[in-house]
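Visitor: I would like a close look at one part of this model, namely the charged pairs and the helix packing around them. Please go through it slowly and give the cut-offs as you go.

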Amino acid sequence: MEVLLKSVETVPVTEPEMWWGTLGTMRPFPNFKPEKDVREIQMALEKKDVNTLVRILTNRTNAQRQDISQAFRTLKQQDLSQALKKLLSGALVDLLLGLLMTPAQFDAHRLRQAMHGLGTDEETLLEVLCTRSAQQLKDITIAYKQEFKRYLENDLISESSKVFTNLILSILKKEQENMQGVIEYQLIDRDVRTLTEALSGKKADPIPWIRVLTTRDYDHLDRVLFRWECIQGETVDKALQKHFSGDLRLGLRVLVRTIQNTPLYLAQRLQACMKKNNVLFGILVSRSEEDLLSVRVEYRRLTNTSLYSALQKEFKGDLQLALLALCRAEDV
């Protein structure tokens, strides 16, 4: 195991200019040559050298991995994913296959998995939908149709109740209302009143909450929710727990938590689901080029343990090597 960990530590990934403007842990590999990687990967496949496969695929950005996949297909006349499936099995191959997908394909597969089989994993649906931009959601919708020959919107409708369907479809579409000419502070006041009035009757009305939370940008909503909490003297999360129930309550709570602090929400998911590979892999792979550094910071604050140490404790062997490479470093 000491040899495996040493191979992670010696990978060159830290040229200063590559750190600028990103909160991801994955940086472009310097002097990247896909043909060279393909030769190393082919040799590793022949020798069943899993360490080398993990080292290469967890130290390239998604764009670089796509170049490797294309070069492998061109030079070797076969699909790299299929070659990995022949050699590997279990959780490790699931992780590496996820790394070889585009971000939209990866999220499409997570959504399909959450809806496939008995029962629906509502929180995974919400995690993906609530933490992606409008453009990312459009890309995911296209990828879902290409990968599964099915319409994402139809599958979401078939898997959920009416009001919850209204919520998740509104999140999926993220259509911004035209507020041209409305002054920011006036719109904040209006939205705060709308949310307050929706909770004031005998039965709380979820529709205004859904409309406001899915038709404004997150910076504006963060101000609205902060103002609402100051006026009401309680957290929005507590109010939602009190006034709503079931999947709708879960959906509104996840949406609000991602608006207020996405990295904290993801850290809480990791803490609760460390042993669930679909959640762990989903967050590490999808956030490794976005904000995994921020998620690591929140995880440390939340648990008083670094994410790196938690992964070291929970996993062993080549899977541990791969996960630590995505996490990247210890937080002290």
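Guide: What follows takes the salt bridges and then a helix contact.

This is a predicted model, in which local features need pLDDT of at least 70 and side-chain atom pairs count only at pLDDT 80 or more, while totals for chains, interfaces and linings use all residues. Residues are numbered from 1 along each chain as its sequence is written, and side-chain values use heavy atoms, with hydrogens and water left out.

Side chains of opposite charge can pair when their charged atoms come close. With a salt bridge taken as a side-chain nitrogen of Lys or Arg within 4 Å of a carboxyl oxygen of Asp or Glu, the count comes to 19. One of these joins the side chains of E40 and R55, with 3.0 Å from N to O. Because E40 lies in helix α2 (residues 34–47) and R55 in helix α3 (residues 50–57), the pair ties together parts that are 15 residues apart in sequence; helices here are DSSP runs of H or I with at least four residues, numbered from the N terminus. E40 and R55 also belong to a network of salt bridges that includes K36.

For accessibility, buried means under 20% relative accessible area, exposed over 50%, and partly exposed in between, with a 1.4 Å probe and protein chains only. E40, at 25%, counts as partly exposed, and so does R55, at 27%. A second salt bridge links D331 with R296, their closest N and O atoms being 2.9 Å apart. This pair links distant parts of the chain, 35 residues apart, with D331 in the segment after α20 (317–327) and R296 in helix α18 (residues 292–303). Both D331 and R296 are buried.

Returning to α2, its axis and that of helix α4 (residues 62–76) come within 9 Å and cross at roughly 70°, the axes being lines fitted to C-alpha atoms over the stretch in contact, with angles from 0 to 180 degrees between N-to-C directions. That makes α2 roughly perpendicular to α4, a term that covers 65 to 115 degrees. The contact, meaning heavy atoms within 4.5 Å, is made by P34, E35, D37, V38, I41, Q42 and L45 of α2 and by D67, I68, A71, F72, L75 and K76 of α4. By class, the contact of α2 with α4 has eight nonpolar, one polar and four charged residues, where Ala, Val, Leu, Ile, Met, Phe, Trp, Tyr, Cys and Pro count as nonpolar, Asp, Glu, Lys and Arg as charged, and the others, Gly among them, as polar.

Technical notes
Helix = DSSP H or I, 4+ residues; strand = E, 2+ residues; numbered from the N terminus. Parallel < 35°, antiparallel > 145°, perpendicular 65-115°, else oblique.
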